[in-house]
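These are my notebook entries on one chain, set down in the order in which I looked things up. The structure is shown first, and the entries follow.

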Amino acid sequence: MISKSSFVLGNQCQKSFWFKHNRYPETNPSDEAAQERLAAGDEVGNISKMLFPGGEEVPYIKGKHKDMFDITMEKISEGAKKLYEASFYINDIFIRVDLMNKTKDGWDVYEVKSSTSVKDHHRLDASLQWHVLKQIPKIKLNRLYVIVLNNKYEKDSEIIPHDFFKKEDITDIANENEPVIKQNIISLKEISSSKDKPEVEIGSHCNKPHGCVYLDECWPNNKNEINSVFTLYRLNINKKINLYRSGIDTFEKILDISSYSNIQKKQIQAYKTKTPIIDKNIVNDFINKVKYPISYFDFETFTDAVPIYIGQRPHMQMPFQYSLHIQNHKDEKLKIDENHYEFIANHHEDPRRSIAESMIENFPAEGTIMAYNQSFEKKCIESLANHCPDLADALLSFNERFIDLIIPFRGGGYYESNFKGSFSIKKVLPALCPDNKELDYNELDISNGGIASSAYKKMRDQSIQESEKTREKLFEYCRLDTYAMYAIYEKLLGL
Ligand code: SF4
């Protein structure tokens, strides 16, 4: 049987479809963020039903596709005019349609997505629904829509569904897609009955539109090694794959580096010479811009597909936590819990005002504010200023004092092989400060921003004791982010 999700998977990659069909264990299971997206989809789906209130829901009965189809047709025969999760099972294809609404011209069909824009794979996905529905003579179809979230929508006291969603009419696209859909169904049916997996080369499709859960089945084992061409800094994925296919999978096999970018050349050179490549002028230019006291600063944020606070928009970054280490002068040596300010907002309230007030209270009146990838922190501050106009002047004045610690690295001032073609703090820190447990993210229960965001949101449903534990873990994580900046900056000074 082909379901809507397996059809979408098969369109991304037939080999991945075959693995799934044959129940291969996933070698690269989806992370917490992907699970959260699924949960958000359910929440959005429930709200979308309010677009057509009073509809009838077709229950999901595991493994009983024919029964669900019969229930749907029965409801239609009995005169239902609005259906949620209407289910159809035709020619071994099973689909569930998010919303159907009967108009005087026939049924309007809606596919609901929790993103803020309609993507090509959404259109293809909805086209499958259209193709299946067209085969049922009893159903007169009118139009097909994909519904997504309106990213301009700001929640007021209640969610207003007609403002919260926006829709795109894709009827014509679905009709044009018909031959492709038919052909894909034939191919996928053949693949599902084949004992041999289809030959599919690795490519950019392995991560688009969704990360494949079988990457390790196909990608080379050495893809994350320090000398792998797959780690080459900002090299287009197709170029990496071309190198790999032509037998050049490691830096040793690259004979002529003249066509590579400046950073890529440093990367290859650092590996071959086994020494960091340092440009002291670039590092010094950066250091000369820094003014004490230095405020090492970092936000953590969460997003909600369905806003819960007034003025919140779908998927808007909501800062809920910050960490701030202050170094008053060059010779002051910091410990992780010294000169440190931290804040986590009450998880049952809109965090924005309380975090803004705490920042204003704790930031020094002068000196550099150092962040890693400052654009994120600065955008968050702008959004706090919008939310709290009475605090806007104080907040926006912080933005004039930022400096970005990634600049000397990204600008070519320092490259070390263990960066593996990335200047993220998670790569730079262990390379510059190896074998230091105090500076090791792997020692923490919460070890990245995505996990931090999920943990904070889970606190909404936790007991007081559980949420206290989570808060401690969140503090540990964010504290390390700013202490890591201090440690990295000290290394640059040491050069
Ligand atoms: S890793 Fe790429 S080629 Fe292999 S199954 Fe996944 S998507 Fe297909």
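**Entry 1**

In which sense do strand β3 and β4 pair, and over how many bridges? I note at the outset that the model is a predicted one. I found that β3 (residues 82-90) and β4 pair in the antiparallel sense, over eight bridges.

Next I followed β4 to its other partners. With strand β5 (residues 106-112), β4 pairs in the antiparallel sense over five bridges. The bridge partner of Met-100 in β5 is Val-109. A hairpin through two residues joins β4 to β5.

Strand β1 (residues 2-3) runs parallel to β4 (residues 93-103), and two bridges join them. I recorded Phe-94 in β4 as the bridge partner of Ser-3.

**Entry 2: the domains**

I turned to the division of the chain. It is split into domain 1 (2-192), domain 2 (220-269) and domain 3 (281-494). The centres of domain 1 and domain 3, taken over C-alpha atoms, are separated by 39 Å. How many residues of each of these two domains are in contact with the other? I noted 18 residues of domain 1 in contact with 13 residues of domain 3.

On the domain 1 side of this contact, helix α3 (residues 32-48) gives the most, with seven residues. By class, the domain 1 side that touches domain 3 comprises seven nonpolar, four polar and seven charged residues.

**Entry 3: the surroundings of the ligand**

Which residues are around the ligand? I listed Cys-13, Lys-15, Ser-16, Val-200, Ile-202, His-205, Cys-206, Cys-212, Tyr-214, Leu-215, Glu-217 and Cys-218. The elements that give two or more residues to this shell are α2 (14-21) and α8 (215-218). The largest share, three residues, comes from α8. Sorted by class, the shell has eight nonpolar, two polar and two charged residues.

I also looked up the peptide bond from Lys-208 to Pro-209, which is cis with omega near 0°. Pro-209 is found in the loop between α7 (171-192) and α8.

**Entry 4: the five-stranded sheet**

I traced the strand order of the open sheet as β11-β10-β9-β12-β13, with mixed pairing among its five strands. The edge strands are β11 (340-344) and β13 (402-404), each of which pairs on one side only. Direction ignored, neighbouring strands of this sheet are turned by 25° against each other on average.

Strand β9 (residues 294-302) and strand β10 (residues 318-327) pair in the antiparallel sense over nine bridges. Phe-302 has Met-318 of β10 as its bridge partner.

Which strands does each helix packed on the sheet touch? Helix α17 (residues 449-458) touches β9 and β10, and its direction makes about 60° with that of β9. Helix α18 (residues 464-494) touches β9, β10, β11 and β12 (369-371), and its direction makes about 45° with that of β10.

I looked as well at the loop between α11 (280-289) and β9, where Pro-293 lies. The peptide bond from Tyr-292 to Pro-293 is cis, with omega near 0°.

**Entry 5: a helix pair**

At what angle do helix α13 and helix α14 pack? I recorded an angle of about 170° between α13 (residues 374-387) and α14 (residues 392-399), with their axes 9 Å apart. Angles over 145 degrees count as roughly antiparallel, and α13 and α14 are therefore roughly antiparallel to each other. On the α13 side, the contact is made by Lys-378, Ile-381, Leu-384 and Ala-385. On the α14 side, it is made by Ala-392, Leu-395, Leu-396, Phe-398 and Asn-399. I classed the residues of this contact as seven nonpolar, one polar and one charged.

Note on methods: Residues are numbered from 1 along each chain as its sequence is written. This is a predicted model: local features need pLDDT of at least 70, side-chain atom pairs count only at pLDDT 80 or more; totals for chains, interfaces and linings use all residues. Axes are lines fitted to C-alpha atoms, for helices over the stretch in contact, and angles run from 0 to 180 degrees between N-to-C directions. Helices (H or I, at least four residues) and strands (E, at least two) are DSSP runs, numbered from the N terminus. Angles under 35 degrees count as roughly parallel, over 145 as roughly antiparallel, 65 to 115 as roughly perpendicular and the rest as oblique. Two residues are in contact if their C-beta atoms, placed from the backbone, lie within 7 Å. Ala, Val, Leu, Ile, Met, Phe, Trp, Tyr, Cys and Pro count as nonpolar, Asp, Glu, Lys and Arg as charged, and the others, Gly among them, as polar. A residue is near a molecule or strand if its C-beta atom, placed from the backbone, lies within 6 Å of it. Domain bounds come from an automatic or database domain assignment. Two strands pair if DSSP finds at least two bridges between them.
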